[in-house]
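Visitor: I have a model open and would like to learn how to read its features. Where do we begin?

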Amino acid sequence: VAGDFNAKHSAWGSRLINSTGKELFRAITESNCNIHSSGRPSDPNKIPDLLDFFVSKELRPLTLKWKD
């Protein structure tokens, strides 16, 4: 699952943690899923934060390579 979740949590690189981020992180960890993030802000022209990432069940984080 990939998207712009508008959920902030340090687990995927956001500066802050909001209530949506807490809920999403809880659901991800309880489901034993993996978080995949580039570690770069979604919009570098604004106060940097990372909102775009994807979640997988079987794909391991180290198998991915990010390209701009």
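Predicted model: local features only at pLDDT ≥ 70, side-chain atom pairs only at ≥ 80, totals over all residues.

Visitor: Is Phe-5 buried or partly exposed?

Guide: Phe-5 has a relative accessible area of 27%, so Phe-5 counts as partly exposed.

Visitor: What describes a pair of aromatic rings?

Guide: Two values are used: how far apart the ring centres lie, and the angle between the ring planes. In this structure, a search of the whole model finds 2 aromatic pairs. In one of them, the rings of Phe-5 and Phe-53 have centres 4.7 Å apart and planes at 35°, so this pair is tilted. Phe-5 sits in the loop between β1 and α1 and Phe-53 in strand β3, 48 residues apart, so the pair links distant parts of the chain.

Visitor: How is the pair of Trp-12 and Phe-53 arranged?

Guide: That pair is stacked, with 4.4 Å from centre to centre and 20° between the planes. Planes under 30 degrees apart count as stacked. Trp-12 belongs to the loop between β1 and α1, while Phe-53 belongs to strand β3, so the pair ties together parts that are 41 residues apart in sequence.

Visitor: Which residues form the aromatic cluster?

Guide: Phe-5, Trp-12 and Phe-53 form one aromatic cluster.

Visitor: Now the sheet. How should I read the side chains along a strand?

Guide: In a regular strand, side chains alternate between the two faces of the sheet. The sheet in this model is open, has 3 strands in the order β1-β3-β2, and is paired antiparallel. β1 (2-4) and β2 (34-36) stand at the edges with a single partner strand each, so one side of each has no neighbour in the sheet. From one strand to the next, the twist averages 30°.

Visitor: How many bridges join β1 to β3?

Guide: There are 3 bridges between β1 and β3 (residues 52-56), and these strands run antiparallel. Ala-2 stands opposite Phe-54 in β3, and Asp-4 stands opposite Asp-52 in β3.

Visitor: And what joins β2 to β3?

Guide: Another antiparallel pairing, with 3 bridges between β2 and β3. Ile-35 has Val-55 in β3 as its bridge partner.

Visitor: What pattern does the protein chain follow along the sequence?

Guide: The pattern is β-α-β-β, and the secondary structure comes to 1 helix and 3 strands. The helix, α1, spans 19-30.

Visitor: What do the values for the whole chain say?

Guide: Of the 68 residues in the protein chain, 21% are buried. The chain exposes about 4,900 Å², and carbon and sulfur atoms supply 54% of that area. Taking contacts between residues at least 6 apart in sequence, 46% join residues at least 24 apart.

Conventions
Residues numbered from 1 in each chain as written. Heavy atoms only, no water. Pairing = 2+ DSSP bridges. Helix = DSSP H or I, 4+ residues; strand = E, 2+ residues; numbered from the N terminus. Axes fitted to C-alpha atoms, helices over the stretch in contact; angles between N-to-C directions. Phe/Tyr/Trp six-rings, centres within 6.5 Å; stacked < 30°, edge-to-face > 60°. Buried < 20%, exposed > 50% of the residue type's maximum accessible area, 1.4 Å probe, protein only. Contact = heavy atoms within 4.5 Å. Areas by Shrake-Rupley, 256 points an atom, 1.4 Å probe, with all protein chains shown as cover.
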